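This report describes selected features of a predicted model.

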Amino acid sequence: MRWLQVSLPGAGLWQVTEDVLVAYVDEMGTATGAMAKLGRGKPLRAPSIARRLSSLKSLYGYAVRRRVLPFSPAEYVDPPKVPRRGSTPALPRVIAAKLLQGAHAIADDYPADAAAVALLVNTALRAGELEGLLVGRVRRNAGHTVLWFRLKGGDELEVPLAADVRSLVDPLTTGRPPADLHLYVLAGDGGSCAPYWVDSRSISATRCASN
């Protein structure tokens with residue numbers, strides 16, 4: 001809306017055309033036009049642009065269903081290609097090993113914390129993916145313990161867990177049926193392991209590894 005007020009003064013969301021949305025997407029990616037100021041001179045990355053366009057597509061799709069608009073101006077506006085490879089660098093092997101050592105060090109007192117750190121190190125899960133992980137996603141396959149999860153974007157992946165990770169992960173599934181739909185890792189208060197909780201557990205493991 002802030003961009004629209006600058007680029008097309010007086011126009012509302014229902015007056016937006018396909019060309020206007022194409023210009024919006026282009027300016028977000030190049031930090032030109034109104035976005036030069038609104039975006040503080042920095043172009044948005046492809047995932048951020050795709051997210052904003054997806055929200056607009058949902059909005060205009062709903063407006064069409066409710067007969068507020070005869071058609072969606074966002075229908076044929078293509079989002080930028082989002083690279084499938086993440087930009088977060090991998091941990092050096094020495095640091096990853098130290099983190100895993102720290103997880104083992106806190107396992108007796110904090111089994112959920114240890115399992116969370118081990119899964120993050122071994123599988124490269126995002127904090128949000130760990131937060132939504134269900135018990136039924138930890139499975140046995142041909143003698144291996146594997147973690148099945150859905151990647152950002154909808155793809156599904158099955159990752160075998162190394163033995164030193166499995167020793168931390170398996171205790172949390174003891175006595176819980178394979179089809180259990182409850183969260184796998186729970187914070188100390190019984191709630192989900194929100195990203196801030198994951199960060200603090202990783203810090204605890206790092207301190208134990210350093211000691």
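Arginine 2 belongs to helix 1, which covers residues 2-7.

Arg2 is also one of the residues of a positive surface patch, which is formed together with Arg40, Lys42, Arg45, Arg51 and Arg52.

## Aromatic pairs

Two aromatic pairs are present in the structure. One of them joins tryptophan 3 and tyrosine 24 in a tilted arrangement, with 4.9 Å from centre to centre and 50 degrees between the planes. Because tryptophan 3 is in helix 1 and tyrosine 24 is in helix 2 (residues 18-30), this pair ties together parts that lie 21 residues apart in sequence. Tryptophan 3 has a relative accessible area of 8% and is buried, and tyrosine 24, with a relative accessible area of 13%, is buried as well.

The other pair consists of tryptophan 14 and tyrosine 60, whose ring centres are 6.0 Å apart and whose planes meet at 70 degrees, so the pair is edge-to-face. Here, too, distant parts of the chain are linked, for tryptophan 14 sits in the loop between helix 1 and helix 2, whereas tyrosine 60 is in helix 4 (residues 46-65), 46 residues apart. As for accessibility, tryptophan 14 is partly exposed at 40% relative accessibility, while tyrosine 60 is buried, with a relative accessible area of 0%.

## Alanine 103 in helix 5

Alanine 103 is found in helix 5, which spans residues 93-106. Its relative accessibility is 0%, so alanine 103 counts as buried, the limit for that class being under 20%.

A distance between C-alpha atoms relates alanine 103 to another part of the chain: its C-alpha atom and that of leucine 168 are separated by 8.3 Å, although the two residues are 65 residues apart along the chain.

## The chain as a whole

The secondary structure of the chain comprises nine helices and three strands. Followed along the sequence, these elements give the pattern α-α-α-α-α-α-α-β-β-β-α-α.

The chain has 211 residues, of which 35% count as buried.

Key:
Residues are numbered from 1 along each chain as its sequence is written. This is a predicted model: local features need pLDDT of at least 70, side-chain atom pairs count only at pLDDT 80 or more; totals for chains, interfaces and linings use all residues. Side-chain values use heavy atoms; hydrogens and water are left out. Patches are made of residues with over 30% relative accessible area and no salt bridge: like charges are joined within 9 Å, nonpolar side chains (Val, Leu, Ile, Met, Phe, Trp, Tyr) within 5 Å. Accessible areas come from the Shrake-Rupley method with a 1.4 Å probe; for residues, only the protein chains shown count as cover. A salt bridge is a side-chain nitrogen of Lys or Arg within 4 Å of a carboxyl oxygen of Asp or Glu. Lys and Arg count as positive and Asp and Glu as negative; His and the chain ends are not counted. The place of a charge is taken as NZ of Lys, CZ of Arg, CG of Asp or CD of Glu. Helices (H or I, at least four residues) and strands (E, at least two) are DSSP runs, numbered from the N terminus. Rings of Phe, Tyr and Trp (its six-membered ring) pair if their centres lie within 6.5 Å; planes under 30 degrees apart count as stacked, over 60 as edge-to-face and the rest as tilted. Buried means under 20% relative accessible area, exposed over 50%, partly exposed in between (1.4 Å probe, protein chains only).
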